[in-house]
Amino acid sequence: MPKLVFTYEQAVELLPVVRRITASAVERVDAIASEDPGQYHHIVTEWAREIIALGLEVKGVWLVDFDSGAGYYCWRHPEQAHEYFHGYDEGVTGRVKR
């Protein structure tokens with residue numbers, strides 16, 4: 001799926017879906033009885049595929065960027081809302097409060 005551009009309102013509307021998908025994946029990772037890297041990799045890969053299918057960008061484990069056309073609305077689990085933004089040339093370390 002091609003990357004999409006989101007208004008802030010669209011990003012806020014989609015965030016509950018992203019939070020639900022991510023929370024489910026985090027729960028599954030936490031439930032792994034052993035520290036089996038194969039199981040961990042499978043869960044994280046499946047999570048990333050679901051997030052990408054929504055037109056979003058995965059920038060790290062449990063880290064999602066919503067393209068705004070001018071940069072990214074940046075969300076990281078377990079944040080409750082879209083509070084951060086960063087430009088295209090900055091990473092998560094360049095996040096600023098929106």
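Strand β2, residues 63–67, is mostly covered, with five of its five residues buried (buried means under 20% relative accessible area, exposed over 50%, partly exposed in between, with a 1.4 Å probe and protein chains only). Strands here are DSSP runs of E with at least two residues, and helices are runs of H or I with at least four, numbered from the N terminus. This is a predicted model, where local features need pLDDT of at least 70, side-chain atom pairs count only at pLDDT 80 or more, and totals for chains, interfaces and linings use all residues. Residues are numbered from 1 along each chain as its sequence is written, and side-chain values use heavy atoms, with hydrogens and water left out.

So which residues sit on each side of β2? On one side you get Leu63, Asp65 and Asp67, and on the other Val64 and Phe66, all of them buried.

Now for the partners. Two strands pair if DSSP finds at least two bridges between them.

On the β3 side, phenylalanine 66 is bridged to tyrosine 73. β2 and β3 also make a hairpin, this one with four residues between the strands, and glycine 69 in the turn has a positive phi of about 90°.

Stepping back, the protein comes to two helices and five strands, and from the N terminus on the order is α-α-β-β-β-β-β. The C-alpha trace spans about 40 × 25 × 25 Å along its principal axes. For 98 residues, a compact globule would have a radius of gyration near 13 Å, so the 14 Å of this protein agrees; the radius is taken over C-alpha atoms, and the globule rule is 2.2 Å times the number of residues to the power 0.38.

Of the 98 residues, 38% count as buried. Among contacts (heavy atoms within 4.5 Å) with a separation of 6 or more, 41% come from residues 24 or more positions apart.
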